[in-house]
Amino acid sequence: VKVDSNFDDVKAGSYYYEAIGIAKKLGITIGVGNNRFNPSEQISRQDMMVIVERAMRIAGKSLENGSASDIAGYMDALE
């Protein structure tokens, strides 16, 4: 996949430029709004899992459904 555009805050020459541009083109990530990605910010576990799910779906791979016990050890798990 060739990168032909990117988010406004992802600068050409940065080591992640191509990877983020490909993820944008494939629909794996849509950014945070206003054509921005916020590459210097921390990513939440929830947002990372959305990206993983989209990437796996686009790659034709399936994911197993989880359960509440899978996340019970996290401090922010739902009670």
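A pocket is an open set of grid points with protein on both sides within 12 Å along at least five of seven lines. In this predicted model, the largest pocket has a volume of about 510 Å³, and the second largest pocket has a volume of about 320 Å³.

**The largest pocket**
- Nineteen residues line the largest pocket, and the closest to its centre are T29, F37, I43, D47 and I51.
- α1 and α2 are the elements that give two or more residues to this lining, and α2 gives the most, with four residues.
- The lining of the largest pocket has twelve nonpolar, four polar and three charged residues.

**The second largest pocket**
- Among the residues that line the second largest pocket are R45, M49, E64, D70 and Y74.
- At least two residues of this lining come from α2, and at least two from α3 (68-71).
- By class, the lining of the second largest pocket holds four nonpolar, three polar and four charged residues.

**The helix α2**
- α2 has 14 residues and spans 20 Å from its first C-alpha to its last, close to the 20 Å expected at 1.5 Å a residue.
- G60, which follows α2, has a positive phi near 80°.

**The loop between α1 and α2**
- N34 lies in the loop between α1 (17-26) and α2 (45-58), and N35 also has its place in the loop between α1 and α2.
- N34 has a positive phi of about 55° although it is not a glycine, and N35, likewise not a glycine, has a positive phi of about 55°.
- N34 is exposed because its relative accessible area is 74%, over the cut-off of 50%.
- N35 is partly exposed, with a relative accessible area of 29%.

Definitions and conventions: Residues are numbered from 1 along each chain as its sequence is written. This is a predicted model: local features need pLDDT of at least 70, side-chain atom pairs count only at pLDDT 80 or more; totals for chains, interfaces and linings use all residues. Side-chain values use heavy atoms; hydrogens and water are left out. Buried means under 20% relative accessible area, exposed over 50%, partly exposed in between (1.4 Å probe, protein chains only). The expected span of a helix is 1.5 Å times one less than its number of residues. On a 1 Å grid over the protein atoms alone, a cavity is a set of points where a 1.4 Å probe fits but cannot get out, and a pocket is an open set with protein on both sides within 12 Å along at least five of seven lines; lining residues have an atom within 4 Å of a point. Grid points are joined across faces, edges and corners, and a volume is the space filled by probe spheres set on the points. Ala, Val, Leu, Ile, Met, Phe, Trp, Tyr, Cys and Pro count as nonpolar, Asp, Glu, Lys and Arg as charged, and the others, Gly among them, as polar.
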